[in-house]
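User: I'm new to this one and would like to learn how to read its packing. Can you walk me through it, one idea at a time?

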Amino acid sequence: IENNSLNISDNEIIPIINQHINNMNLIFGSVPKSFFKIIIKSDNMKYSNTFNWSLGITQGNQIIIKDPSISHIKRERFYEVLKHELNHIYLNRTSKKRNIPRWFKEGFCMHYANESSLRNKLILGDKINNKEWFDLKSIDQKFYGNSKDQFNFAYAYSQATVKSILDIYGEQAIKDIISYIKQDYSFDKAFNLTTLTTIDNYSEDIYTNIYSRYRWFSFIKF
C-alpha cells in the first residue's frame, strides 16, 4: 500500500481489504493469488479524462484511488470505491483471456461493492425515452470517449444491466457465469450456458426490463 491519504490510515483499510477478499472468495471461489498494489493519491495530478471522471481505477495489478481530500466524498463512499476496485482485481484473475465486457465488469463491481444506485437511476431516467442509448452491444464504447455524459451513462446502464440479470436469473446466474469464465469459456458462451439465451437476445430484452423499472425517474430532474 502506498498511502498518501491525509486522514485514512493503513490500519483502517487493511481489515476492509482482507474482509472483502475473503467475502469474494467465499461467494465465487478463489482465484490465483499474487501481490497487488494500492495507491491512495492526495494530489491533483492530471490523468486521462476517464480517471479524471472516476474516483478510482485499476490497471493490471495496481489500484489507484483518489483520497477523499480531493474527491470530496465521505469515508463510507471511499470504502465502496476501494471494494469496487478490489472486485476488478478479482475479475482480472478469473480468466487468462480477459474477454469479459466492460459493462459486465462495472455492473458486477458496483453490485458487489454495495454501491448506491439512486444517482444512476436518475441518469437512466433522463435517457429512458432515447432507446438508441440502451444498445448493450455498443455500450462499452461509451466508457472510452471524451463525453462525461456518456461515461456516466455507461456506468449507470452497466449497474442496471447486471441488476436485471440478478432479477431475471438470480444470483446463482452470476456465480455460474464466473465459474464458466474460470474454465476459460468466452463470456458470450458462459452467458449462453447460464441463461440459455444469447447476449444479442438479452440486449433486445434488456431495454423493456429497464424501461419498466426506471421510466418513473424520467420525471425527476437533477
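Analyst: Let's start with contact, which means heavy atoms within 4.5 Å. This is a predicted model, where local features need pLDDT of at least 70, side-chain atom pairs count only at pLDDT 80 or more, and totals for chains, interfaces and linings use all residues. Residues are numbered from 1 along each chain as its sequence is written, and side-chain values use heavy atoms, with hydrogens and water left out.

User: Which residues is phenylalanine 104 in contact with, leaving aside its neighbours within four places in sequence?

Analyst: Those are Val162, Ile165, Ile174, Ile177, Ile178 and Phe187.

User: How do I read an aromatic pair?

Analyst: Rings of Phe, Tyr and Trp (its six-membered ring) pair if their centres lie within 6.5 Å; planes under 30 degrees apart are stacked, over 60 edge-to-face, and the rest tilted. Here the count comes to 21 aromatic pairs. Phenylalanine 134 and phenylalanine 153 are edge-to-face, 5.1 Å centre to centre with 85 degrees between the planes. Phenylalanine 153 also pairs with tyrosine 157, this time stacked, at 5.7 Å and 25 degrees.

User: What about a charge over a ring?

Analyst: That needs NZ of Lys or CZ of Arg within 6 Å of the ring centre and within 35 degrees of the ring normal. Arginine 102 lies over the face of phenylalanine 143, 4.3 Å from the ring centre. Lysine 142 lies over the face of tryptophan 133, at 5.4 Å.
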